[in-house]
Every structure is written in C-alpha cells, then in structure tokens.
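Biologist: Before we discuss any feature, please show me the sequence and the structure.

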Amino acid sequence: RASAGRSRPISSGPSTAIALRLFEAVPRKQLDECTLFASMAWCYAGRSAQELTAYAANVLGRETFAARLRPELAPLLTWARAHGVLCVLVSASPTPIVTWAASHRGFASEHVIGTTPATKNGIITDQLLDQVPFGANKCTLLKTQFPHHRILGCFGDSDFDFEMLQCAEMAVAVSPKPLLQQRLLRLRQAVVLNTQTPDR
C-alpha cells in the first residue's frame with residue numbers, strides 16, 4: 001500500500017483528500033502512474049456505469065468541456081471518416097467517461113478503448129476487465145481489438161503515448177509535453193502539431 005512518507009497514509013481521510021494524495025504520490029515515485037489510472041476506474045465500485053456516465057456528463061458540462069477540445073484535430077477526423085478510415089480513441093481514463101466525451105467528436109462506443117472496470121449485475125466492482133491502456137498497453141490493446149486494420153497514424157501528447165505513436169506508420173505529437181518532445185527523434189516518421197488549446 002502506498003503511503004505519503006511521514007505524512008498520513010494515502011488511504012486515510014475524505015475521498016477528495018485521498019485522490020489528491022494519490023496524484024501527489026506519482027511524482028514522488030511512491031505510486032506508479034498506471035496504478036493511479038487503474039484506481040480511477042475501480043474507485044467507482046458500488047455504482048452503475050450509467051451513474052458514472054451521468055456524473056461525468058454533469059462534471060464535464062460544468063467545467064466547459066467544449067473548451068478543452070482541440071479544434072485543430074476536427075478537420076483531420078472529418079477527412080479520415082470521409083475517406084473510410086476507422087478512427088479509434090485510446091485513453092487510460094475510465095471507459096464510461098471516455099465514451100461520453102468521445103461521442104462529442106463522433107466516436108461510437110465500440111471505437112473507444114479505455115480503462116474498463118468489471119461489473120457484476122450492472123454494478124462496477126473493484127476489479128478491471130482488461131489491461132489499463134497506458135504506455136505499451138495502448139498499442140497492444142489497439143492491435144488486439146482491431147487486428148485487421150493498418151495503424152496509419154496515432155496522435156498523442158504525453159510520454160506514455162510514445163509506444164502507441166511508435167506502432168503507427170505516422171506519429172503525430174500534439175503539442176507534446178517535454179518528456180515526449182525529448183523522445184520524438186527516436187520515431188521513424190513523426191510530425192508535431194501545435195494547438196492553441198491550453199493543457200488542463
């Protein structure tokens with residue numbers, strides 16, 4: 001169990017305080033980021049997927065979700081779909097939340113890969129249905145779920161998108177964060193797309 005050094009254990013206190021300590025534990029190397037993303041999915045144990053979706057819609061709606069989208073990517077999606085190119089969204093965030101958000105860019109639920117909590121009788125449990133789409137798992141899950149498709153291009157902004165970018169014929173780094181920027185030279189075919197939307 002991770003702990004916050006000499007401070008109180010991560011698992012004690014109100015849920016919001018626990019969540020904050022979990023995030024703070026990652027840069028301190030007290031918790032790996034993949035485990036953090038896993039906890040974001042199964043922490044809703046006891047709720048239904050429908051409740052989680054409704055909760056996400058309410059929160060993202062309040063937080064001006066539309067302003068978080070990168071408009072520069074919209075023409076690329078339009079072009080790809082017009083030419084029959086399958087578009088898939090891969091994210092380490094919980095699947096019910098990602099699916100709701102992705103629907104606003106025209107992604108069908110079957111074309112969304114997220115961290116999927118296992119359910120029992122429609123209720124989320126404290127287990128995962130599959131691997132967390134994080135790091136190399138992103139490429140693995142993409143190839144597993146769509147084995148008969150060429151991966152023409154992948155888009156990402158973080159260091160943990162590197163392996164997914166690496167498995168595409170064309171890698172597109174979208175306003176890349178510093179760690180990803182440092183690794184771009186190792187990619188065979190890579191371009192940088194700078195966007196105006198600030199990172200959140």
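**Reading the chain**

Modeller: A compact globule of 200 residues would have a radius of gyration near 16 Å, and the chain, at 18 Å, agrees with this. The radius is taken over C-alpha atoms, and the globule rule is 2.2 Å times the number of residues to the power 0.38. This is a predicted model, in which local features need pLDDT of at least 70 and side-chain atom pairs count only at pLDDT 80 or more, while totals for chains, interfaces and linings use all residues. Residues are numbered from 1 along each chain as its sequence is written, and side-chain values use heavy atoms, leaving out hydrogens and water.

Biologist: What does the C-alpha trace span along its principal axes?

Modeller: The span is about 50 × 40 × 35 Å.

Biologist: How many helices and strands does the secondary structure comprise?

Modeller: Helices (H or I, at least four residues) and strands (E, at least two) are DSSP runs, numbered from the N terminus. Here there are eight helices and seven strands.

Biologist: Which percentage of the residues in the chain is buried?

Modeller: Buried means under 20% relative accessible area, with a 1.4 Å probe and protein chains only. Of the 200 residues, 38% are buried.

Biologist: Where is Ser-158 found, and is Ser-158 buried or exposed?

Modeller: Ser-158 lies in the loop between β5 (153–156) and α7 (162–166). Ser-158 counts as buried because its relative accessible area is 8%.

Biologist: Which residues does Ser-158 touch, not counting those up to four places away in sequence?

Modeller: Contact means heavy atoms within 4.5 Å. With that exclusion, Ser-158 touches Lys-177 and Leu-180.

Definitions and conventions
Buried means under 20% relative accessible area, exposed over 50%, partly exposed in between (1.4 Å probe, protein chains only).
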